[in-house]
Amino acid sequence: MVPIYNWVDRSIFGNYRPVSLTSVVCKQKEHIIAGQLRHVWEMSGWLYEGQHGSRPGYSCQSQLVTVCQDIGDSMDEGIRRDTIIMDVSNAFDLVPHDRLLTKMAATGLDLRVVVWVKEFLLGSSQRVRVEGKLSEEFRVTSGVSKGSVLGSPIFLADDNDVWRNLESNIWLFLDDCTRFWKTTDSSDIDNTDIQPKTSIDEIILLWLFCGC
């Protein structure tokens with residue numbers, strides 16, 4: 001693992017993002033497995049249509065265009081929509097391996113692919129490299145690796161059902177979410193399914209009031 005600085009204060013540990021460095025041989029195999037995952041999921045239509053991350057033909061730009069179009073349509077119709085933009089803290093690091101593998105096995109994948117992913121995740125270890133010096137190895141008990149070829153595609157399997165049982169619309173780019181719903185009076189806000197008891201560790205809220 002190599003810590004990549006991504007915030008203001010370099011002295012704070014939490015301002016660094018861990019990125020995995022795997023061997024060339026491993027990356028080649030990851031590309032093969034990732035291609036198989038995308039092929040099966042796209043052909044079966046299993047992936048949620050509002051997920052724009054790590055998919056061919058989708059991007060953060062396509063998510064932005066979709067959200068802006070929905071907001072524009074609401075303004076044209078004179079409809080007010082309240083919007084929350086959520087950033088899930090440490091989403092990649094906290095994925096339970098057992099739950100992830102169970103979800104993947106239920107998507108129609110060849111079980112040999114699921115077994116390969118299992119071997120890729122379980123029993124692995126990591127160490128941190130800073131300025132050429134290496135830390136002691138430590139076991140990885142949860143999460144998918146940022147920076148690896150396979151990390152983002154297999155994260156989709158765990159994140160794909162986040163839209164279920166929600167009354168509001170949701171658009172995703174991996175773990176970044178944009179949710180919005182129609183509001184006509186204060187009761188619509190009070191009755192929203194977004195509550196402080198959610199398991200999301202860190203939520204950045206941006207309220208946007210569209211329409212009149």
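What follows is a short chat about helix 1 and its contact with helix 5 in a predicted model.

Q: How many residues does helix 1 have, and what does it reach from first C-alpha to last?
A: Helix 1 runs over residues 24–44, which is 21 residues, and reaches 31 Å. That is close to the 30 Å expected at 1.5 Å a residue.

Q: Which of its residues are buried in helix 1?
A: Glu30, Ile33, Ala34, Leu37, Val40 and Trp41. They cover an arc of only 130° around the axis, so they sit on the same side of helix 1.

Q: And on the other side, which are exposed?
A: Val24, Val25, Gln28, His31, Ile32 and Met43 are exposed there.

Q: What covers the buried residues?
A: The cover includes helix 3 (97–105), helix 4 (111–121) and helix 5 (151–159).

Q: Take helix 5. At what angle does it pack with helix 1?
A: The angle is about 40°, and the axes of the two helices are 9 Å apart.

Q: Left-handed or right-handed crossing?
A: The crossing of helix 1 and helix 5 is left-handed.

Q: Which residues meet there?
A: From helix 1, Ala34, Leu37, Arg38 and Trp41; from helix 5, Pro153, Ile154, Leu156 and Ala157. By type, the contact of helix 1 with helix 5 has seven nonpolar residues, no polar and one charged.

Q: Changing topic: what follows helix 1?
A: Gly45 follows helix 1, with a positive phi near 70°.

Notes. Residues numbered from 1 in each chain as written. Predicted model: local features only at pLDDT ≥ 70, side-chain atom pairs only at ≥ 80, totals over all residues. Heavy atoms only, no water. Helix = DSSP H or I, 4+ residues; strand = E, 2+ residues; numbered from the N terminus. Expected span 1.5 Å × (residues − 1). Buried < 20%, exposed > 50% of the residue type's maximum accessible area, 1.4 Å probe, protein only. Arc of directions from axis to C-beta. Contact = heavy atoms within 4.5 Å. Axes fitted to C-alpha atoms, helices over the stretch in contact; angles between N-to-C directions. Left-handed = near helix turned anticlockwise from the far one by under 90°. Nonpolar A, V, L, I, M, F, W, Y, C, P; charged D, E, K, R; others polar.
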